[in-house]
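Thank you all for coming; I would like to walk you through one model this morning, slowly and residue by residue. Please have the sequence and the structure open while I talk.

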Amino acid sequence: MRVLLVEDEPDLGKAIDRTLKQEKYTVDWAQDGREAWEYLESQWMEYTLAIFDWLLPGLSGLELLQRLRTKNSTLPVLMLTAKDRMEDKVAGLDAGADDYLVKPFGMAELLARLRALQRRSPQIQPQQIQIGNLILDCGSRTVNKLDRSGKNQTIPLTNKEFQLLEYLMKHPNQIVTTDRIRNQIWEANADTFSNVVAAQVRLLRRKLEAAGCANLIETVHGVGYRMRKGEGENI
Ligand code: CA
């Protein structure tokens, strides 16, 4: 899942960026409002969540939010603000913020708010995705293999492997292009080599095979990949 973080305070931005990455989110971090708008204008469809600081150079968080909503985007937005005056909260919510957090806040609280936004988000359903005997839990960010006795065996995945699998499982039986995967999983300004997606798919397949889940990810040569899901399987 990809998050746009807009925060101009370097220390706080760095701390949030690091926390989100530890939680297996992909993060684009913009430090001023105009830069954030460039991300949003070109690729708001790619984001699952956004975090806007209120006071920013360039465009304020409120202006960003207003611009976003005039494009009819339903992207869930959490506002960060040092202001706790009631009229500011109301202005933010009126402009289409989904929630707000008053600074200073703890990272655990930030993560809890983001999880709550994901649950409400129309773009993110359901909490668990099952394909074959593989169960991916979007809340706890874990992947389990269900064995015959009904027990779950957790498959240890790196952040990128998890994100890749999550994206594929959310688009079962669809061809997803290599570029789309790259846009979804790597930061916009990441210095990625050309076959980084293929390399990541190879690593993921190896782990799935080791857990006894082979042949789930099909290569569509020259185009991308497809997650196989049989008829009648639950999702
Ligand atoms: Ca600020």
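Predicted model: local features only at pLDDT ≥ 70, side-chain atom pairs only at ≥ 80, totals over all residues.

**Around D28**

Let me begin with a residue's surroundings: leaving aside residues up to four places away in sequence, D28 touches R2, V3, L4, L5, Y39, Y47, E187 and A188, where contact means heavy atoms within 4.5 Å. Residues are numbered from 1 along each chain as its sequence is written, and side-chain values use heavy atoms, with hydrogens and water left out.

D28 belongs to strand 2, residues 26–30; helices (H or I, at least four residues) and strands (E, at least two) are DSSP runs, numbered from the N terminus. With a relative accessible area of 1%, D28 is buried, a word that I use for under 20% relative accessible area, with exposed for over 50% and partly exposed in between, using a 1.4 Å probe and protein chains only. Which side chains make polar contacts with the side chain of D28? One is R2, at 2.5 Å, and another is Y47, at 2.7 Å; a polar contact here is a pair of N or O atoms within 3.5 Å, of which, within protein, one must be able to donate a hydrogen and the other to accept it, and residues adjacent in sequence count only if both atoms are side-chain atoms.

R2 brings us to strand 1, residues 2–6, where five of the five residues are buried. From this strand R2, L4 and V6 point one way, V3 and L5 point the other way, and all of them are buried. Strand 1 runs parallel to strand 2 and is joined to it by five bridges, two strands being paired if DSSP finds at least two bridges between them. Within that pairing, L4 stands opposite D28.

Turning to another region, four strands form an open antiparallel sheet in the order 6-7-8-9. Strand 6 (128–131) and strand 9 (152–154) are at its edges, and each has a single partner strand, so one side of each has no neighbour in the sheet. On average, neighbouring strands of this sheet are turned by 25 degrees against each other, direction ignored; axes are lines fitted to C-alpha atoms, for helices over the stretch in contact, and angles run from 0 to 180 degrees between N-to-C directions. Strand 7 (residues 134–137) and strand 8 (residues 142–146) are joined by four bridges, and L136 has V143 in strand 8 as its bridge partner. Helix 6, residues 159–170, lies across strand 6, strand 7 and strand 8, and runs at about 110 degrees to strand 7.

**K24 and other local details**

K24 lies over the face of F162, at 5.6 Å from the ring centre; a charge sits over a ring if NZ of Lys or CZ of Arg is within 6 Å of the ring centre and within 35 degrees of the ring normal. K24 is found in the loop between helix 1 (10–22) and strand 2, has a positive phi of about 70 degrees although it is not a glycine, and is buried at a relative accessible area of 17%. N215 also has a positive phi, near 60 degrees, but N215 counts as exposed, at 61% relative accessibility.

Finally, a cis peptide bond, with omega about -5 degrees, joins K103 and P104, and P104 lies in the loop between strand 5 (99–102) and helix 5 (107–120).
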